[in-house]
Amino acid sequence: MEKKITSAKLSDRKGALDLASWMFNVVTSVGIILVNKALMAKYGFSFATTLTGLHFATTTLLTVILRRLGYIQASHLPISDLLKFVLFANFSIVGMNVSLMWNSVGFYQIAKLSMIPVSCFLEVVLDKVRYSRDTKLSIILVLLGVAVCTVTDVSVNTKGFIAALVAVWSTALQQYYVHYLQRNYSLGSFNLLGHTAPAQAVSLLLVGPFLDSWLTGKRVYAYDYTLTSVSFIILSCTIAVGTNLSQFICIGRFTAVSFQVLGHMKTILVLILGFIFFGKEGLNSQVILGMLIAVAGMMWYGNASAKPGGKERRSHSTPSNKSQRHVGSTESTELLDEKV
């Protein structure tokens, strides 16, 4: 009886922490989308890659302070694994930016939706995960609902298709690889950020101005910085720290696929907040139907994947040092959403 009570308490505690982690991610993700929307649309700071570099620079500063204060312990991550992660992460950011530039909004949204089946494929092939029929159907229902909400005109060209292909696979690999790193090297969320954020900050701040100049025809150094726009940049960077951390925490507590499925709840929430704050011109029966389908699919997924056999590994043998689960996702998607 005592064991049952202890197990129930642990289950309740895990549920509460899962909910808190997810709410932290939702609040910071939606917040950064709204701030970036104002920064880029209203104040003309359209340098998305450079802004992402500033986000990671701010995150690096925080990890340095926390390490000095003793909140982050020393940990090891081989340079080869770090470089692989940075490669996947930066290709994800650049790929998303280029995909949005070269593709229609409709095809861009379809490409984003395809990250779920790609993440499923990686889990099945690399982690030997098996999904139940209900779990598979619930994922399809989520994809259908979000597609009905967001996909409008769809046109594609060769270079746009290649950009989308690079963006989707690099994002899925980055999210999977964060899981891999946390699990294999027993890295906590802050520890992993402490390793990856500096490398991403340096690489993106070096490449970002040139890439942004190519994408927008404008130079970040020639931008007319005002007190208001700088304040929004600082606010964006501050929120980004929470976004980066919460993504690492969430994928550590869930999986890359679950993070993607639940992530579409943010899409629905952003649509709703957009209607509330920016007018209801885009609100129609098609969007409402899509929202209802997507929410139903997410509820079904949560129930189906939690059941025995809903989502499980075929082989449970892991090395002793693989004590932690994983994390990840690029914050580039959050940067790009406000452009759509």
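**Entry 1: salt bridges**

I started with Arg183, which forms a salt bridge with Asp127; their closest N and O atoms are 3.6 Å apart. My rule for a salt bridge is a side-chain nitrogen of Lys or Arg within 4 Å of a carboxyl oxygen of Asp or Glu. This pair links distant parts of the chain. Arg183 is in helix H7 (residues 158-185), while Asp127 sits in the loop between H5 and S1, 56 residues apart. I took helices (H or I, at least four residues) and strands (E, at least two) as DSSP runs, numbered from the N terminus.

Are Arg183 and Asp127 buried or exposed? Arg183 is buried, and Asp127 is buried too. I call a residue buried under 20% relative accessible area, exposed over 50%, and partly exposed in between (1.4 Å probe, protein chains only).

By the rule above, I count two salt bridges. The other entry is Asp134 with Arg133, with the closest N and O atoms 3.7 Å apart. Asp134 counts as partly exposed because its relative accessibility is 29%. Arg133 counts as exposed because its value is 60%.

**Entry 2: ground rules**

The model is predicted, so I noted that local features need pLDDT of at least 70 and side-chain atom pairs count only at pLDDT 80 or more, while totals for chains, interfaces and linings use all residues. Residues are numbered from 1 along each chain as its sequence is written, and side-chain values use heavy atoms, with hydrogens and water left out.

**Entry 3: overall layout**

I listed twelve helices and two strands. Along the sequence they run α-α-α-α-α-β-α-α-α-α-α-α-β-α. The protein has 340 residues, and 51% of them are buried. I then looked at contacts, meaning heavy atoms within 4.5 Å. Of those with a separation of 6 or more, 90% join residues 24 or more positions apart.

The accessible surface comes to about 16,200 Å², and carbon and sulfur atoms hold 68% of that area. The areas come from the Shrake-Rupley method with a 1.4 Å probe; for residues, only the protein chains shown count as cover.

**Entry 4: the nonpolar core**

Which residues touch the most other members of the largest nonpolar core? The core has 18 residues, and the answer is Ile116, Cys120, Ile139, Val257, Val261, Ile268 and Met298. Helix H5 (115-126), strand S1 (129-131), helix H6 (133-150), helix H10 (256-278) and helix H11 (285-306) each supply at least two of its residues. Here a nonpolar core is a set of buried Ala, Val, Leu, Ile, Met, Phe, Trp, Tyr and Cys residues joined through side-chain atoms within 4.5 Å.

I followed Ile139. Leaving out residues up to four places away in sequence, Ile139 touches Ile116, Cys120, Val257, Val261 and Tyr301. As a general rule, nonpolar side chains in soluble globular proteins tend to be buried together.

**Entry 5: cysteines**

I found zero disulfides. A disulfide would need a pair of cysteine sulfur atoms within 2.5 Å. I checked the cover on two cysteines. Cys120 counts as buried because its relative accessibility is 13%. Cys237 counts as buried because its value is 8%.

**Entry 6: helix H4**

How many residues of helix H4 are buried? Seven of the nine are, so H4 (residues 105-113) is mostly covered by the under-20% rule. The buried ones are Gly106, Phe107, Tyr108, Gln109, Ala111, Lys112 and Leu113.

**Entry 7: a nonpolar surface patch**

I marked a nonpolar surface patch of about 990 Å². Its residues are Leu87, Phe91, Phe121, Val125, Leu126, Val156, Phe161, Ile162, Leu165, Val166 and Trp169. Helix H3 (79-102), H5 and H7 each give two or more residues. H7 gives the largest share, five residues. Patches are built from residues with over 30% relative accessible area and no salt bridge; like charges are joined within 9 Å, nonpolar side chains (Val, Leu, Ile, Met, Phe, Trp, Tyr) within 5 Å.

Leu165 is in helix H7. Leu165 counts as partly exposed because its relative accessibility is 43%.

His76 lies in the loop between helix H2 (48-68) and H3. His76 is exposed, with a relative accessible area of 56%. Beyond its neighbours within four places in sequence, His76 contacts Tyr185, Leu187 and His195. His76 and Leu187 are 111 residues apart in sequence, and their C-alpha atoms are 8.4 Å apart.

Ile288 is in helix H11. At 40% relative accessibility, Ile288 counts as partly exposed.
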